[in-house]
Amino acid sequence: MRPRPSIKVGVLHSLTGDMAISEKSVANAALLAVEEINKSGGVLGMNLEPVLADGKSDPEVFRKEAERLIVKEGVRHRK
C-alpha cells in the first residue's frame, strides 16, 4: 500500500520571545487541528503535514521564516 500524499501546512508563530506567552497556545491549537483533520481522513484524500516555525517575536524573523516555509519547505500559499 502506497503512503498517502500530503499537503504541507506552515505553522508560523512565536514560540520564543515576548509574544510566546500568547502564541504557543495558538501553535498548539493549529497542530491539534491538523491531527484531528488527518484522523478524519485528511483533505481530498491527503494528510496535512505541519511544518512548525518560530517567529521569535520579531517581524524580520517572521518574514524570513515565511519565505523559508514557502521557498524551501514547499508550504502551499494563496494570495
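Reader: Why does Arg63 count as partly exposed?

Author: Happy to explain, with the reminder that this is a predicted model. Arg63 has a relative accessibility of 43%. Buried requires under 20% and exposed requires over 50%, with partly exposed in between, so Arg63 at 43% counts as partly exposed.

Reader: What makes the pair Glu60 and Arg63 a salt bridge?

Author: Their closest N and O atoms are 2.7 Å apart. The cut-off is 4 Å between a side-chain nitrogen of Lys or Arg and a carboxyl oxygen of Asp or Glu, and 2.7 Å falls within it, so the pair qualifies. Glu60 is itself partly exposed, because its relative accessible area is 38%.

Reader: Why are Glu60 and Arg63 separated by about one helical turn?

Author: Because they lie 3 residues apart in helix H2, which covers residues 59–71.

Reader: How do you know that Glu65 is buried?

Author: Glu65 has 18% relative accessibility. Buried means under 20%, so Glu65 counts as buried.

Reader: How many salt bridges does a search of the whole structure find?

Author: There are 6. One of them pairs the side chains of Glu35 and Lys39, at 3.3 Å from N to O. That distance is within 4 Å, so the pair meets the definition.

Reader: What separates Glu35 and Lys39 in helix H1?

Author: About one helical turn, because they are 4 residues apart in helix H1.

Reader: Let's turn to Ser14. What makes it buried?

Author: Its relative accessibility is 0%. The limit for buried is under 20%, so Ser14 is buried. Ser14 sits in the loop between strand S1 (6–13) and helix H1 (20–39).

Reader: What does the side chain of Ser14 reach?

Author: It reaches the backbone nitrogen of Ser57 at 2.8 Å. Beyond residues up to four places away in sequence, Ser14 touches several others, including Met19, Lys24, Asp54 and Phe62.

Reader: Which residues form a nonpolar patch on the surface?

Author: Ile37, Val43 and Leu44 do, with about 280 Å² of accessible area together. Val43 belongs to the loop between H1 and strand S2 (47–54).

Reader: Finally, where is Gly74, and what makes it partly exposed?

Author: Gly74 is in the segment after H2. Its relative accessible area is 39%, so it is partly exposed. Gly74 and Lys8 are 66 residues apart in sequence, yet their C-alpha atoms are 6.9 Å apart in space. Neighbours within four places in sequence aside, Gly74 is in contact with Lys8 and Leu69.

How values were computed. Residues numbered from 1 in each chain as written. Predicted model: local features only at pLDDT ≥ 70, side-chain atom pairs only at ≥ 80, totals over all residues. Heavy atoms only, no water. Helix = DSSP H or I, 4+ residues; strand = E, 2+ residues; numbered from the N terminus. Buried < 20%, exposed > 50% of the residue type's maximum accessible area, 1.4 Å probe, protein only. Polar contact = N/O pair within 3.5 Å; in protein donor to acceptor, adjacent residues only side chain to side chain. Contact = heavy atoms within 4.5 Å. Patch = residues over 30% accessible without salt bridge, like charges linked within 9 Å, V, L, I, M, F, W, Y side chains within 5 Å. Areas by Shrake-Rupley, 256 points an atom, 1.4 Å probe, with all protein chains shown as cover.
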